[in-house]
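Work through the exercises below with the model open. Try each task before reading its solution.

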Amino acid sequence: MPEAEGPSTVRQLSPGMAFFTDFVVTGAVRGADATSTPAEVTGLLGDGFVESRTGPGQLLRCYELVEVAWEREGDGWRGLYVTVQAHRLDVPLSVDALAADLERVGFPLVEVAPDGVGCRRFVRADSRVAVLADEESGQVLAMTVPAWFAPGPRGEPSPWSREAGRDQVRHLVGLGAPERDAWARRRKPDEAAEAARWWWFLWVACRQLLPDEGGRRFGHDRSV
């Protein structure tokens, strides 16, 4: 799997790094991403995988370093995540080297608050890829899309609590588009950097609630 070539911007990097930078930039492996169906993944990555059932209605396929997971939805499967298990590499992947290569081609990682159990966490906002690295050794442990944690400057808390974020999303989905815009204009910070961070946490709160839980738990359509 790591031999795969990525987009032109990534191919200019060192060959051993190209597969990993491609995944961080695109959130996909040879075109297969977290929205791909099992049939689509087979068409893109082939049938050389090990398949297992990880729980009721859940499916996992492992292509060496790459794992793709789904959840049963009606008669089909809904994608859950794609993970690159970098800790399985024979030669450790340095998060500093990965971050430097991504910085060179204009796709920098953003470090977020540590998890408190010895790991550093990074995200790429546009591709929604999360990178987990060992805090002591700097070795990349795993890269997953979509990101499972909210970004923000390292060690800095969220602008609001998890409960407050959930309540805000519940309120927003009940408003029309003009009312939502007015709500945001009244509340977002004036300073540009703080405003960007505020929008990002709101986006994460929406991503965490609506796509996976909206229809099942709160009756909200994800398009809202």
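Predicted model: local features only at pLDDT ≥ 70, side-chain atom pairs only at ≥ 80, totals over all residues.

**Exercise 1. The sides of helix α3**

Find the buried residues of α3 and say where they sit around the axis. Then say what covers them.

Solution. 

1. Helix α3 spans residues 38-45. Its buried residues are Pro 38, Val 41 and Leu 45.
2. Now look for the cover. It includes three strands: β2 (58-63), β3 (66-73) and β4 (76-84).
3. Finish at the end of the helix. Gly 46 follows α3 and has a positive phi, near 95°.

**Exercise 2. The surroundings of Thr 83**

Is Thr 83 buried or exposed? Which side chain does the side chain of Thr 83 join in a polar contact?

Solution. 

1. Locate the residue. Thr 83 belongs to strand β4.
2. Check accessibility. The cut-off for buried is under 20% relative accessible area. Thr 83 has 6% relative accessibility, so it counts as buried.
3. List the contacts, setting aside neighbours within four places in sequence. Thr 83 touches Leu 65, Val 66 and Glu 67, and also Ala 142, Met 143 and Thr 144.
4. Pick out the polar contact. The side chains of Thr 83 and Thr 144 are joined by one of 2.9 Å.

**Exercise 3. Aromatic pairs**

How many aromatic pairs does the whole structure hold? Classify each by its geometry.

Solution. 

1. Search the whole structure. There are 2 aromatic pairs.
2. Take Phe 19 and Phe 20. Their ring centres are 5.2 Å apart and their planes stand at 80°. Planes over 60 degrees apart count as edge-to-face. The pair is therefore edge-to-face.
3. Check burial in this pair. Phe 19 has a relative accessible area of 3%, so it is buried. Phe 20 is buried too, with 4%.
4. Take Phe 49 and Tyr 63. Their ring centres lie 5.4 Å apart, with the planes at 55°, so this pair is tilted.
5. Phe 49 is in the loop between α3 and β1 (50-55), and Tyr 63 is in strand β2. The pair therefore ties together parts that are 14 residues apart in sequence.
6. Phe 49 is partly exposed, at 22% relative accessibility. Tyr 63 is buried, at 2%.

How values were computed. Residues numbered from 1 in each chain as written. Heavy atoms only, no water. Buried < 20%, exposed > 50% of the residue type's maximum accessible area, 1.4 Å probe, protein only. Helix = DSSP H or I, 4+ residues; strand = E, 2+ residues; numbered from the N terminus. Arc of directions from axis to C-beta. Contact = heavy atoms within 4.5 Å. Polar contact = N/O pair within 3.5 Å; in protein donor to acceptor, adjacent residues only side chain to side chain. Phe/Tyr/Trp six-rings, centres within 6.5 Å; stacked < 30°, edge-to-face > 60°.
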